[in-house]
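Colleague: I've got the sequence and the structure open. Can you walk me through them?

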Amino acid sequence: MAASAREDGARGQKQGLRGCEHYDRGCLLKAPCCDKLYTCRLCHDNNEDHQLDRFKVKEVQCINCEKIQHAQQTCEECSTLFGEYYCSICHLFDKDKKQYHCENCGICRIGPKEDFFHCLKCNLCLAMNLQGKHKDIHTSRVVAHVLPCGHLLHRGYRCPLCMHSALDMTRYWRQLDDEVAQTPMPSEYQNMTVDILCNDCNGRSTVQFHILGMKCNICESYNTAQANRISLDQQ
């Protein structure tokens with residue numbers, strides 16, 4: 001593989017880091033949509049004008065020996081472990097978080113599996129302590145939504161459990177861009193940066209502090225949490 005192609009394909013993977021900001025894994029996914037190699041579907045989607053369907057991934061490339069092979073948990077050439085957890089349906093490689101694949105939900109969830117049950121009426125996984133004690137989402141008076149993360153939300157724009165955005169917030173984030181640009185900060189805050197953690201992509205960024213919100217440098221979401229402040233004058 002040419003050096004330029006390798007550089008393009010490895011986007012999202014930091015030097016010396018196994019995996020990327022999103023997942024701990026020892027392989028790159030070969031995107032069936034464009035034949036490019038990316039560490040994960042989020043890294044792909046952040047760099048391309050289309051989305052990667054992880055369910056259609058057939059091949060991966062080992063980060064050590066660079067052999068392209070069928071998607072599997074261990075490299076057939078050098079025995080590198082691609083992921084402590086691997087789902088052959090979702091093609092999810094990651095460190096062990098007690099994940100399990102729910103056939104009824106059609107996605108992988110963070111477990112442990114024995115702590116959850118799948119409610120056929122609600123069509124989602126719920127904590128075992130809710131078994132026989134929760135309202136069916138179809139009969140509850142409060143409208144509920146099954147989020148892309150798989151959790152249940154009755155109100156708000158983000159999931160109260162994993163904190164991911166519940167809806168496509170792209171249009172709102174762009175409106176917030178305009179508001180931030182039109183709202184200058186007082187002089188004492190203009191030279192202050194912030195370490196933030198993005199609730200949507202799980203990436204970390206250092207950005208300029210603003211009272212209206214801090215935008216993730218990776219996925220451009222404002223659904224972020226502030227870690228600390230660093231004055232540029234002290235750097």
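This is a predicted model: local features need pLDDT of at least 70, side-chain atom pairs count only at pLDDT 80 or more; totals for chains, interfaces and linings use all residues.

Colleague: What about closed spaces? How many cavities of 30 Å³ or more does the structure hold?

Modeller: One. The largest cavity has a volume of about 40 Å³.

Colleague: Which residues line the largest cavity?

Modeller: Y23, R25, L29, R41, R54, C90, H91 and L92. By class, that lining has four nonpolar residues, one polar and three charged.

Colleague: How do you look for empty space at all?

Modeller: A probe the size of a water molecule is rolled over the atoms, and that shows where empty space is left.

Colleague: Switching to strands. What is the order of the open sheet of four strands?

Modeller: The order is β2-β1-β3-β4, and the pairing is antiparallel.

Colleague: Which strands stand at the edges?

Modeller: β2, residues 37-38, and β4, residues 68-70. Each has a single partner strand, so one side of each is left without a neighbour in the sheet.

Colleague: Take me across the pairs. How many bridges join β1 to β2?

Modeller: Two bridges, with the strands antiparallel. K30 has L37 as its bridge partner in β2. The hairpin of β1 and β2 has six residues between the strands. In that hairpin, D35 takes a positive phi near 65 degrees.

Colleague: Next pair. How many bridges join β1 to β3?

Modeller: Three bridges. β1 covers residues 27-30 and runs antiparallel to β3. C27 stands opposite C62 in β3.

Colleague: And what joins β3 to β4?

Modeller: Three bridges again, antiparallel, with β3 spanning residues 59-62. There, Q61 pairs with I68 in β4.

Colleague: I also see β9 and β10. How many bridges join them?

Modeller: Four. β9 is residues 116-119, β10 is residues 124-127, and they run antiparallel. F117 has L126 as its bridge partner in β10.

Colleague: Which residue takes a positive phi in the hairpin of β9 and β10?

Modeller: N123, near 60 degrees. This hairpin has four residues between its strands.

Colleague: Helices now. How many residues does α3 have, and what does it reach from its first C-alpha to its last?

Modeller: Helix α3, residues 170-181, has twelve residues and reaches 17 Å. That is close to the 16 Å expected at 1.5 Å a residue.

Colleague: Which residues of α3 are buried?

Modeller: W173, L176 and D177. Seen down the axis of α3, the buried residues fall within an arc of 110 degrees, so they line one face of the helix.

Colleague: One last spot. Where is S165 found?

Modeller: In the loop between β12, residues 152-153, and α3.

Colleague: Does S165 count as buried or exposed?

Modeller: Buried, because its relative accessibility is 13% and the cut-off for buried is under 20%.

Colleague: What separation do the C-alpha atoms of S165 and N199 have?

Modeller: They are separated by 7.7 Å. Along the chain, S165 and N199 are 34 residues apart.

Notes:
Residues are numbered from 1 along each chain as its sequence is written. Side-chain values use heavy atoms; hydrogens and water are left out. Two strands pair if DSSP finds at least two bridges between them. On a 1 Å grid over the protein atoms alone, a cavity is a set of points where a 1.4 Å probe fits but cannot get out, and a pocket is an open set with protein on both sides within 12 Å along at least five of seven lines; lining residues have an atom within 4 Å of a point. Grid points are joined across faces, edges and corners, and a volume is the space filled by probe spheres set on the points. Ala, Val, Leu, Ile, Met, Phe, Trp, Tyr, Cys and Pro count as nonpolar, Asp, Glu, Lys and Arg as charged, and the others, Gly among them, as polar. The expected span of a helix is 1.5 Å times one less than its number of residues. Buried means under 20% relative accessible area, exposed over 50%, partly exposed in between (1.4 Å probe, protein chains only). The arc is that of the directions from the helix axis to the C-beta atoms.
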